[in-house]
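Here are some brief notes to read alongside the model.

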Amino acid sequence: MTRPTPDSVVASPATRPGPAAVTRKRSPARGAGLRTPRWVGWLFVAPALAVYAVFVLRPIALTIQYSMYRWDGIGPSTWAGLGNYVKVFTDPDLFATILNAVKLIVFFSAIPVVLGLAIASTIRRIATSRLALVARTVLFLPQVIPLVAAGIAWSWLLSSSGLVNQLLTYVGLGGVARAWLGDFSTALPAVGVIGAWVLLGLCTILLLSGMSKIDPALYEAARMDGAGPLREFVSITVPSLRQEIGVCVTVTVIAALASFDIVYVSTQGGPGNATMVPGLEIYYLAFSERQVGMASALAVVLMVLVILVALPIQWLTRDRTS
Amino acid sequence: MPRRTRWNRAALAVVMGGTLAAGCGAPGGDAPRPEDTGASLSAAPTCGTEPVTLNAYIETGFPLPKELSTEFSKQYPNVKWNIREDQFAVITQNAPRVLADDPPDLMRLPQVSELVKNNLLKNLDGYAKAFGWDSWPASQLEQMRMTPGGKTRGEGSLYAMGLNFSMTGVFYNKKLAEKIGMSSPPATLAELDDVLAKAKSAGITPIAQFNGGATGGLAFPLQDLMAAYGPPGPINDWIYQKPGATIDTPTNLQATRHLEKWIKAGYFWKDVNAVDYATMMSRFIKGDGLFMFNGDWESGNLDKQMPGDVGFFLMPPAQQGGKQAAMSAPLTFGISSRAKNADCAAFFLNWVATNPKAREIGVKVGGSHPMGPADAPMPEVGKDTVTASTLAAGAKIAEDNGAMDFIANATGAIYAKSWTPQLQKLVAGQQTPEGLLKSVQSDYESQVKGS
């Protein structure tokens, strides 16, 4: 992005006297000895830092520590070194859970973002009509419904006598009808569809709000140059939404990799291990198999995986103009 | 500026490191609890006359423990109850932590071996002697016995008690049975196969069963088939983790092949891999399905929902007149090793098994056979009820010494992580009977070794 947007021209810090300039002017008068000691700043940060350390950093550190032990959660533990990690990557069942999570990215991330872009630009075109308001509300509704309720509702819809199969039979596709969540080949995609339904609204709203910031003059100029709606979308809308798309992709990819609730409610990882994802496997390992060490190791692997995937997305979608 | 930043970073690291260091040292540092040896008592304990509040942690959805506690307080007014309820899955996951941190006097328990290993349960040998529980039929208490250290189940000291013991078998819809001309329950496996085929060709789903989510209900017919083909002893040895026990035996293979034959013949619902327990029950009650492999905890419910229309029989043997076996398990309750009112809790458990009123509640509300001496008075039940036939089946199993624990109880994780996915794969045609038994056995070995 080399084109200067109106935003970057106005807000560019170099052209405006910033707080730094003000301080510089004032400081000689106060003298070096009277300057507030630097540690005072720490006092302000301390409460938040303490909470962060106790409730975020400490659990992470403990998880990493537990991952090096064999421990049932109650009794004495024995040192296992990196043995648990070796098992995460060599046990086909455990590794398959990670692959399933990666497959879910298509449904949780690709579909909501692509579809969300399309829907958002459609809504934007009809922004003044009442239909736009209704569409926005309906699309955002899944975000408001608790995921557990959504999972239960969808497992009814997708059951062998559910609405989905009734509709299929009605239009003469009865042969395709099946227990979508109980079939080895369709269970994971079916779970993915539930996730896509939940996340589509979030992406649409995010992208819509991003679109409202785009300068209408750009569209006018493009139209004068003879650009059609598609050209406008590709050349103006999508590039201007770089950061919003970045947020959407990051949030949804993390939702896919760390998915738990939808899977737990709709299939519990079955049939077979067709929909087993790391989040659910960690839970089973820790609370049903009582292998706290293994569970922690898988959790650490999942955390590293999320960071490895999320950081490049952040980097790719960063606004390079500033 | 760069130096300052570095200094600040160092300070931050020290502060953070200090917070984190609080969690160092190997996990599970609490000193190992002393092993309880169940010292003998001079007299049978009672609840005394002082006010006592018993803390109980029970399974939600089953009214029996609550009804018993109400009746108990009526007879012993100094005893009050503080009852906490959760789903069984929640209890299973929380059992060790609850017993360690917030010890209840009485708690509904999953399989006890992992809890005994950590010395979380009170050894009940002293009570058993004082109350005379050791003179009851041994099979009633066998599943709750553990050798020292929790290595093998089925023998050793007593660590829990039952409120009653349940019996599994085959329920059938009498109306549908009449339609296909089944006048009496099948007496052999071959006869059962015949009826199944007849039902199928009459357009009736032969077997109502669940196999969805994390609970593979085909384990019910599978274990019944195992007991039809072979003796129950080796199956129990496997469940009790006796050294060298294996599930991968020739008769069990025959049984698994038989189950596969049923699957391939379409005797189960097509969507059985998506059917959970509640769905199975509602479909069976609506009349979808001739047979249902389930337990007598549903007899009371079925007597109410489809009065007079449901029958029950034990899994028929492979040969005419052969011995019969069934999964039978006590409704297990234990006392925390750190319980405040252990004596009163034990007195309650003894009362449940011996008090006539309590036994009556046990049968009427719980639908299962009460614990207690073989000659204890049995409450009367209506002749045509399912409850009557499940109680009679209980007597037959006792006679044939055919009680088995459930193959899903062999280890804490074997059901959700092994039987269920394997049975779901068998339904989908992605696993062979040979492969199924081999997989389960290898999971079992790693779990027994790992725990």
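Contact here means heavy atoms within 4.5 Å. The model is a predicted one.

1. Chain B overall. The chain holds 18 helices and twelve strands. Its radius of gyration is 24 Å, close to the 22 Å that the globule rule gives for 451 residues, so chain B is as compact as a globular protein of that length. Along the principal axes, the C-alpha atoms of chain B fill a box of roughly 85 × 65 × 40 Å.

2. Burial and surface of chain B. Of its 451 residues, 55% count as buried. The chain exposes about 18900 Å², and carbon and sulfur atoms supply 53% of that area. Among contacts in chain B with a separation of 6 or more, 76% come from residues 24 or more positions apart.

3. B:Pro379. This residue sits in the loop between β11 (369-370) and α16 (386-400) of chain B. B:Pro379 has a relative accessible area of 16%, and buried means under 20%, so B:Pro379 is buried. Leaving aside neighbours within four places in sequence, B:Pro379 is in contact with B:Arg359, B:Glu360 and B:Val363. B:Gly362 is 17 residues from B:Pro379 in sequence, with 9.2 Å between their C-alpha atoms.

4. Helix pair in chain A. Helix α5 (residues 92-125) and helix α11 (residues 229-240) of chain A pack at an angle of about 110°, their axes 12 Å apart. That angle makes α5(A) roughly perpendicular to α11(A). On the α5(A) side, A:Leu117, A:Ser121 and A:Arg125 meet A:Pro229, A:Glu232, A:Phe233 and A:Val238 of α11(A). By class, this contact has four nonpolar, one polar and two charged residues.

Note on methods. Residues numbered from 1 in each chain as written. Chains lettered and ligands numbered in written order. Predicted model: local features only at pLDDT ≥ 70, side-chain atom pairs only at ≥ 80, totals over all residues. Heavy atoms only, no water. Axes fitted to C-alpha atoms, helices over the stretch in contact; angles between N-to-C directions. Helix = DSSP H or I, 4+ residues; strand = E, 2+ residues; numbered from the N terminus. Parallel < 35°, antiparallel > 145°, perpendicular 65-115°, else oblique. Nonpolar A, V, L, I, M, F, W, Y, C, P; charged D, E, K, R; others polar. Buried < 20%, exposed > 50% of the residue type's maximum accessible area, 1.4 Å probe, protein only. Rg over C-alpha atoms; globule rule 2.2 N^0.38 Å. Areas by Shrake-Rupley, 256 points an atom, 1.4 Å probe, with all protein chains shown as cover.
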